[in-house]
Amino acid sequence: MEVGFSFGKTTLFVMLLALCIAPTFVRGQGTRVGFYSRSCPRAEAVIRSAVQAHFRSDPTVAPGLLRMHFHDCFVRGCDGSVLLDGPSTEKTSPPNRGLRGYEVIDDAKTQLEAACPGVVSCADILALAARDSVALTNGPSWAVPTGRRDGRVSSASDAANLPSFRDSVDVQKQKFADLGLNTLDLVALVGGHTIGTGACQFFRDRLYNFNTTTSNGADPSIDPSFVSQLQSLCPKDGDGTRRVALDTRSPNRFDASFFANLRSGRGILASDQKLWTDASTRAFVQSFLSGGGRTRLDFSAEFARSMVKMSNIGVKTGTDGEIRKICSAINA
């Protein structure tokens with residue numbers, strides 16, 4: 001993990017700390033890097049190839065897979081439960097109805113079942129596909145601990161507590177803390193919004209009749225020069241499902257420009273913009289930006305570290321769970 005502090009005692013401390021926590025970066029709760037090195041040596045290559053193939057025809061699968069992994073881990077842990085079909089499974093809940101990329105997971109699973117039947121879990125496929133998606137958008141790559149097993153339970157009601165675009169920073173921090181993630185993890189992982197889009201219905205309330213303190217009636221935390229641009233993209237009575245890039249500076253590139261947007265009052269979702277207006281998270285946003293001072297952090301490195309940490313939430317290993325034959329259904 002590279003952290004951009006100036007050399008001195010602080011740097012030495014950070015380097016020593018990195019050495020102390022290094023094992024958690026590649027291993028946790030029974031998972032380990034290279035889990036399939038003997039049982040299915042080409043597993044990661046097969047998954048990477050499947051993601052690349054779908055990305056070439058539709059680049060939007062990259063943010064889709066990243067978001068799907070996030071939603072999987074935040075409900076019952078990273079066990080692939082979000083992939084299960086059914087009348088009341090997680091994927092039917094309102095926060096998950098817009099998830100996409102299932103066909104990529106199914107494609108990779110079909111290939112892996114042909115090569116290594118009953119070996120590679122759907123939960124691991126999703127974790128690896130999320131990593132590969134970030135890499136394909138010029139973001140970082142990292143070693144993903146594998147060995148997760150698939151869950152057998154998926155309930156729409158369990159997804160009700162997923163982080164929401166309306167959440168205050170305190171609520172966001174609590175939801176992350178409940179799963180063992182800290183404030184730095186929160187800011188780093190929300191930075192994944194540097195790729196992807198949001199539907200007008202999730203932020204249009206910030207553009208019209210938000211309050212009476214601004215001449216245009218918009219949320220005062222939005223840059224006034226940006227309001228008209230958003231209003232043209234999302235008319236008051238327009239299509240609420242129309243999607244807008246969450247990072248208007250570089251929507252298809254994984255980088256730290258998302259945080260520059262927040263500093264400029266150009267965050268699309270209210271929950272994102274609040275990371276700048278709240279002092280407890282603003283410090284981390286500033287640290288991810290160039291010119292952040294001596295405590296500047298490398299966004300790519302911190303994002304990768306937080307992704308590994310998140311991907312080990314509530315994992316099933318050993319004899320817990322199963323290895324599904326089909327990712328959308330539990331084994332008979």
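## Disulfide pattern

Counted along the chain, the bonded cysteines of the protein chain are joined in the pattern 1-4, 2-3, 5-8, 6-7, and in this predicted model the count of disulfides comes to four.

## C40 and C116

The sulfur atoms of C40 and C116 lie 2.1 Å apart and form a disulfide, and the torsion about this S-S bond is about 80°, so the link is right-handed. C40 belongs to the loop between β2 (31-32) and α2 (43-57), whereas C116 belongs to the loop between α4 (102-115) and α5 (122-136), so the bond ties together parts that are 76 residues apart in sequence. Both C40 and C116 are buried.

## C122 and C327

C122 is joined to C327 by a disulfide with an S to S distance of 2.1 Å. The torsion about the S-S bond of C122 and C327 is about -95°, and the disulfide is therefore left-handed. This pair links distant parts of the chain, with C122 in helix α5 and C327 in the segment after α12, 205 residues apart.

How accessible is C122? Its relative accessibility is 0%, so C122 counts as buried; C327, with a relative accessible area of 2%, is buried as well.

## C200 and C234

A further disulfide joins C200 to C234, with an S to S distance of 1.9 Å, and with -70° about the S-S bond this link is left-handed. The pair connects distant parts of the chain, since C200 is found in the loop between β3 (197-199) and α8 (224-233) and C234 in the loop between α8 and β4 (243-245), 34 residues apart. Both C200 and C234 are buried.

## Aromatic pairs and an aromatic cluster

The aromatic pairs number 13. In one of them, the rings of F259 and F288 have centres 5.0 Å apart and planes at 40°; an angle between 30 and 60 degrees is neither stacked nor edge-to-face, so this pair is tilted. F259 lies in helix α9 (residues 257-263) and F288 in the loop between α11 (279-287) and α12 (299-310), so the contact ties together parts that are 29 residues apart in sequence.

Burial means a relative accessible area under 20%, and F259, at 0%, is therefore buried, as is F288, at 2%. F259 and F288 also belong to one aromatic cluster, which is formed by W142, F254, F258, F259, F288, F299 and F303.

## Charges over rings

Two contacts between a charged side chain and an aromatic ring can be described. The charged end of K91 sits over the ring of Y102, 4.0 Å from its centre, while R282 lies over the face of W276, at 5.7 Å from the ring centre.

Rolling a probe the size of a water molecule over the atoms shows where empty space is left. A search of the whole structure finds one cavity of 30 Å³ or more, and about 30 Å³ of space lies in the largest cavity.

Which residues line the largest cavity? The lining is made up of H69, A127, W142, V144, M307, V308 and S311, and these residues divide into five nonpolar, two polar and no charged.

How values were computed
Residues are numbered from 1 along each chain as its sequence is written. This is a predicted model: local features need pLDDT of at least 70, side-chain atom pairs count only at pLDDT 80 or more; totals for chains, interfaces and linings use all residues. Side-chain values use heavy atoms; hydrogens and water are left out. Rings of Phe, Tyr and Trp (its six-membered ring) pair if their centres lie within 6.5 Å; planes under 30 degrees apart count as stacked, over 60 as edge-to-face and the rest as tilted. Helices (H or I, at least four residues) and strands (E, at least two) are DSSP runs, numbered from the N terminus. Buried means under 20% relative accessible area, exposed over 50%, partly exposed in between (1.4 Å probe, protein chains only). A charge sits over a ring if NZ of Lys or CZ of Arg is within 6 Å of the ring centre and within 35 degrees of the ring normal. A disulfide is a pair of cysteine sulfur atoms within 2.5 Å. On a 1 Å grid over the protein atoms alone, a cavity is a set of points where a 1.4 Å probe fits but cannot get out, and a pocket is an open set with protein on both sides within 12 Å along at least five of seven lines; lining residues have an atom within 4 Å of a point. Grid points are joined across faces, edges and corners, and a volume is the space filled by probe spheres set on the points. Ala, Val, Leu, Ile, Met, Phe, Trp, Tyr, Cys and Pro count as nonpolar, Asp, Glu, Lys and Arg as charged, and the others, Gly among them, as polar.
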